[in-house]
Amino acid sequence: MNTTANETRVAILEDGDLVELMVERPDSNRLVGDIYIGKVEAVLPGIQAAFVDIGTEKAAFLHVSDVASEDDETEAEEEVDDDDSEGGGSRRKIRRYPPIQDLVQKGETLLVQVSKEPIGTKGPRVTAHISLPGRFLVYMPQSDHVGVSRKIEEREERTRLRALAKEILPANSGGLIVRTVGEELTRETFERELKSLLGTWKQIQKRSGRARAPAPIHREAKLTKGIIRDLFSGKVDSLIIDSQPVFDEVRQYLEQVDPSLIERVKLFDEPVSLFDKYEIEAAIVEAFQRKVSLPSGGYIIIEPTEALVSIDVNTGRYTGKRDPEKTILKTNLDAAKEIARQLRLRDIGGIIVCDFIDMEAKANREKVLQELRSYLSRDRARTKAFQVSDLGLIEMTRQRVRPSLYQSQTRICPCCSGTGRIFTPETVVRRIQRAIRRAASDTRDKTMEIRVHPEIALFIIEDEPGFVKSLEKASRLQLNLRDDPLMLQDDFRLLSGSGRLDVTQRFALG
């Protein structure tokens, strides 16, 4: 955990490799988990959703599934095509919800909780199903469900925890989920945390009764406390912190919730930077690169697009010895592990398509899929990897809660507008040529100044030395070519007459 006055960064290492990075800055307003009293702006039956004003720049999106109660839901079966099934089709259960217009009305006030950060052009997503996380429990005031984390696998322990929850939870007071760190939870700890969560819910109800929509009602814990609450357990070897105040704050919190973990918290006070010491800074830089090298000598290319993220696997300089199938399998297995790590590190969400190197043996394709799923199981975000397609692709989905590292810490390049490409010098010169010809037939001025980046000017001098003279002859304009280091590399400006009137937009159509 690296903390400065302007930034807090938390890096999670597994087997010495950086697998997750979380960053919090004063200007990066984290919303997930925050509770608001909102006002319904619009109800859209066509997409079974509503837009709710919670005071953010863009209205929040509320889907019918996030407002319907458990009593409102019904289950139905429908037949779906399934080539793998012997009968040629299979049946699956789907949830049915009542129409959104029967559940919320325009102008109505609602208590909602942010479930997804605003991403790109979309506002935040909210749910009316409130949940309050503690260290060991998640309290759901509007549900009656009592459950245990799926990561607690021992049947007897699951039974004990569920029975304990039902016994201690007051009647008609909501539902509970026992979190993974709640394994071997004692009755005393259970009661203490439940009492705290019930008290928090009462405060939220009081505030929401007094507040005028839209207004924030309850803020989720900040990054430091949230990480300790959600992730720091007996399965973590150590927590290393380079700030004395944060170190003291963490120890004080653990004294209340889990004193046995205090000895695992260590203060880092060496002259070298904490993230440099553990080679984290270099790994962060790599997280913004398209190309990621594999131990075998192969590499993967990660390309984010508007609709999905594509990942391509290549053998690179690894060519094996004799058996090409073994070479390909080795590269694909390395890639499966690295892809799972990169998805977590970059916090990539949505649809992901992985183009592994083609393999002839079906058994090898299954090995790669199982390797990928094995490493994805370590991911806290919900992920699903589907069967290898006929084209050799593995399609995946990963839960998207907040913008990826790439989206949150970079912006669109002003030179290429996010394409990653710019026009070649020759293309720019041809565009100038077409623009001057348009200007010649549409302007009374007889002089025109052409401003270009120095690289374009150098290209004209070296590769097309007669360009300006031939263009003057064809256009009957007096042309003056000037280089301007402040220009974008593939841009140009046309300034007409003695007054230097910028006419670029009129004539530079393509």
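Guide: Start with E14, which is partly exposed at a relative accessible area of 24%. That label lies between two others: buried is under 20% relative accessible area and exposed is over 50% (1.4 Å probe, protein chains only). This is a predicted model, with local features needing pLDDT of at least 70 and side-chain atom pairs pLDDT 80 or more, while totals for chains, interfaces and linings use all residues. Residues are numbered from 1 along each chain as its sequence is written, and side-chain values use heavy atoms, without hydrogens and water.

E14 has a partner, R378. Their side chains meet in a salt bridge, 3.4 Å from N to O. The term means a side-chain nitrogen of Lys or Arg within 4 Å of a carboxyl oxygen of Asp or Glu. This pair links distant parts of the chain, 364 residues apart. E14 sits in strand 2 (residues 8-14). R378 sits in the loop between helix 8 (362-376) and strand 22 (383-388). Helices (H or I, at least four residues) and strands (E, at least two) are DSSP runs, numbered from the N terminus. R378 is partly exposed too, at 40% relative accessibility.

E14 and R378 also belong to a network of salt bridges, together with D15, E20, R344 and R380. The structure holds 32 salt bridges.

Now take R430 and E464. Their salt bridge spans 2.9 Å from N to O. It links distant parts of the chain, 34 residues apart: R430 lies in helix 10 (residues 425-440), and E464 lies in the loop between helix 11 (454-463) and helix 12 (467-475). R430 is partly exposed at 24%. E464 counts as buried because its relative accessibility is 18%.

K277 and E270 form another salt bridge, with their closest N and O atoms 3.5 Å apart. K277 is partly exposed at 43%. E270 is partly exposed at 37%.

Next, the strand: strand 4 (residues 35-44). Strand 4 runs antiparallel to strand 9 (residues 109-116), and 5 bridges join them. Two strands pair if DSSP finds at least two bridges between them. K39 stands opposite T109 in strand 9.

Strand 4 also pairs with strand 15 (residues 215-218), antiparallel, over 3 bridges. There I35 stands opposite H218.

Strand 5 (residues 49-53) is another antiparallel partner of strand 4, over 5 bridges. V40 has V52 in strand 5 as its bridge partner. Strands 4 and 5 form a hairpin with 4 residues between them. In the turn, Q48 has a positive phi of about 50 degrees.
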